[in-house]
Amino acid sequence: MPDSALQLASALPGQQPLKQAGLILLFIIGGTLAALVALGLLAWFIPGLRGLFFCFVGLIVVTLFLIYLFVRHLIHEVFRRLFW
């Protein structure tokens, strides 16, 4: 753990860093969904933007798949502990 992250974790009491990370994640997801809806509406009315819309959707899918590749061992470990 980097020194700055360790200092932040020790300076904030209890679940504060986890709560802040959850809020950041919520803003990222909300912003992505808002951009997806806005770009989808624009692509509906402006046919030239449909390619950009599909590229954006593909980028989201690839990003989610890469995140899954990095955390799949954690997911498997949790399910192994829960069900076996």
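Arg-81 is exposed, with a relative accessible area of 64% (exposed means over 50%, buried under 20%, partly exposed in between, with a 1.4 Å probe and protein chains only). The model is predicted, so local features need a pLDDT of at least 70 and side-chain atom pairs count only at 80 or more, while totals for chains, interfaces and linings use all residues. Residues are numbered from 1 along each chain as its sequence is written, and side-chain values use heavy atoms, with hydrogens and water left out.

The average pLDDT of the chain is 79 (the predictor's confidence in each residue, from 0 to 100). A score of at least 70 is reached by 80% of the residues. The chain has three helices and zero strands (DSSP runs numbered from the N terminus: helices are H or I, at least four residues, and strands are E, at least two). From the N terminus on, the order is α-α-α. Helix H1, residues 3-11, has the lowest mean, 51. Helix H3, residues 50-83, has the highest, 86.

Burial was examined next. The chain has 84 residues, and 4% of them count as buried. Ala-35 belongs to helix H2. Ala-35 is partly exposed, at a relative accessible area of 33%. Between the C-alpha atoms of Ala-35 and Phe-53 lie 9.9 Å. Along the chain, these two residues are 18 residues apart.

The largest pocket has a volume of about 310 Å³. A pocket is an open set of points on a 1 Å grid over the protein atoms alone, where a 1.4 Å probe fits, with protein on both sides within 12 Å along at least five of seven lines; lining residues have an atom within 4 Å of a point. Volume is the space filled by probe spheres set on the points. Helix H2, residues 16-45, and helix H3 each supply at least two residues of the lining. Among the lining residues are Leu-25, Ile-28, Ile-29, Thr-32, Leu-33 and Leu-36. Phe-56, Leu-59, Ile-60, Thr-63, Leu-64 and Ile-67 also line the pocket. By class, 10 lining residues are nonpolar, two are polar and none is charged (Ala, Val, Leu, Ile, Met, Phe, Trp, Tyr, Cys and Pro are nonpolar; Asp, Glu, Lys and Arg are charged; the others, Gly among them, are polar).

Charged side chains were then considered. The structure holds two salt bridges (a side-chain nitrogen of Lys or Arg within 4 Å of a carboxyl oxygen of Asp or Glu). In one of them, Glu-77 pairs with Arg-80, and their closest N and O atoms are 2.6 Å apart. Glu-77 and Arg-80 are three residues apart in helix H3, so about one helical turn separates them. Both partners are partly exposed: Glu-77 has a relative accessible area of 29%, and Arg-80 has 40%.

Glu-77 also forms a salt bridge with Arg-81. Here the closest N and O atoms are 3.0 Å apart. Arg-81 and Glu-77 lie four residues apart in helix H3, about one turn of the helix.
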